[in-house]
Amino acid sequence: RTLDSQITLEKTPSYFVTREAPHRISSMSHDTKLIVVVRNPVTRAISDYTQTLSKKPDIPTFEELAFRNRSLGLVDTSWNAIRIGMYILHLENWLQYFRLSQMHFVSGERLITDPAGEMGRVQDFLGLKRIITDKHFYFNRTKGFPCLKKPESSSQPRCLGKSKGRTHVQIEQEVIEQLQEFYRPFNIKFYETVGQDFRWDSM
Ligand SMILES: Nc1ncnc2c1ncn2[C@@H]1O[C@H](COP(=O)(O)OS(=O)(=O)O)[C@@H](OP(=O)(O)O)[C@H]1O
């Protein structure tokens, strides 16, 4: 149960891309606040593939899965690793049930370069006092990511686990550029709808 002084959070990555989720969540409570972490969809696809490969080493190569016809530049939008990054399509589904002001988008890139700033905006969006600040983070050089200095339940610093921040499989630059090109119109429409430029197309 949630007390009056508490808020309940739930995290399920697949909600954002599940067609039935907005309707179901709005039937439960239509003033729910929604937070979505988004990163460059090309890097996201490679990260997704790296994760699958770590569990199933026998799958086809990234290039084989990403294209229906590579020389024609035909991307396979039925492959989940590609489809999930077409953020605008998923967002349009949510906007049938929720106002944009109920949604907050966290930049996956800034979450790494400026975790306190990104967490500051999350706390503002949730109407919370800014308790988590830059005092809570340090950059762990071994992990290559920011980590928590002192999590609540322990006095030891804590980084995210081994499955977060893996080294990505190497993908040819040309493939990256083809995908970057493929995502551009979807990204631009996404920036316009959200009112924020995530800068994936000016990197
Ligand atoms: N502080 C910190 N430490 C480690 N990792 C960090 C951190 N901040 C953001 N990230 C990025 O989070 C990515 C993994 O999150 P996921 O969205 O894949 O997690 S989940 O599977 O949905 O639970 C993971 O993606 P990969 O780098 O592709 O593994 C990280 O880049």
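Student: What share of the 203 residues in the protein chain is buried?

Tutor: Buried residues make up 15% of the 203, where a residue is buried if 20 or more other C-beta atoms lie within 10 Å of its own, exposed if 12 or fewer, and partly exposed in between, with C-beta atoms placed from the backbone. This is a predicted model, in which local features need a pLDDT of at least 70 and side-chain atom pairs count only at pLDDT 80 or more, while totals for chains, interfaces and linings use all residues. Residues are numbered from 1 along each chain as its sequence is written.

Student: What pLDDT does the protein chain average, and what are the ipTM and pTM of the complex?

Tutor: The protein chain averages a pLDDT of 95, and 99% of the residues score at least 70; pLDDT is the predictor's confidence in each residue, from 0 to 100. For the complex, the predictor gives an ipTM of 0.95 and a pTM of 0.95.

Student: OK, and how many helices and strands are there?

Tutor: The protein chain has 8 helices and 6 strands, taken as DSSP runs numbered from the N terminus, with helices being H or I of at least four residues and strands being E of at least two. From the N terminus on, the elements run α-β-α-α-β-β-α-α-β-α-α-β-β-α. The radius of gyration is 19 Å, close to the 17 Å that the globule rule gives for 203 residues, so the chain is as compact as a globular protein of that length; the radius is taken over C-alpha atoms, and the rule is 2.2 Å times the number of residues to the power 0.38.

Student: Which residues have the most contacts inside the largest nonpolar core?

Tutor: They are Ala-45, Ala-66, Val-75 and Leu-179, in a core of 13 residues. Such a core is a set of buried Ala, Val, Leu, Ile, Met, Phe, Trp, Tyr and Cys residues joined through C-beta atoms within 7 Å. At least two residues of this core come from each of α2 (41-55), α3 (62-66), α4 (80-83) and α8 (173-194), and the largest share, 4 residues, is from α2. Apart from this core lies another, of 9 residues, including Tyr-87, Leu-91, Trp-94 and Phe-198.

Student: What does Val-75 touch, leaving out residues up to four places away in sequence?

Tutor: With that exclusion, Val-75 touches Ala-66, Phe-67, Ile-82, Leu-179 and Phe-182, a contact being two C-beta atoms, placed from the backbone, within 7 Å.

Student: Switching to the ligand, which residues surround it?

Tutor: The ligand is surrounded by Pro-13, Ser-47, Leu-111, Ile-112, Phe-145, Pro-146, Leu-160, Lys-164, Gly-165 and Arg-166, where near means a C-beta atom, placed from the backbone, within 6 Å. Two or more residues of the shell come from each of α6 (108-113) and β6 (145-148).

Student: And how does the shell divide into nonpolar, polar and charged?

Tutor: The shell has 6 nonpolar, 2 polar and 2 charged residues, with Ala, Val, Leu, Ile, Met, Phe, Trp, Tyr, Cys and Pro counted as nonpolar, Asp, Glu, Lys and Arg as charged, and the others, Gly among them, as polar.

Student: Where is Ile-59, and is Ile-59 buried or exposed?

Tutor: Ile-59 is in the loop between α2 and α3, and Ile-59 is exposed, with 12 other C-beta atoms within 10 Å.

Student: Last one: what is the phi of Arg-199?

Tutor: Arg-199, in the segment after α8, has a positive phi of about 65° although it is not a glycine. Arg-199 counts as partly exposed, with 13 C-beta neighbours inside 10 Å.
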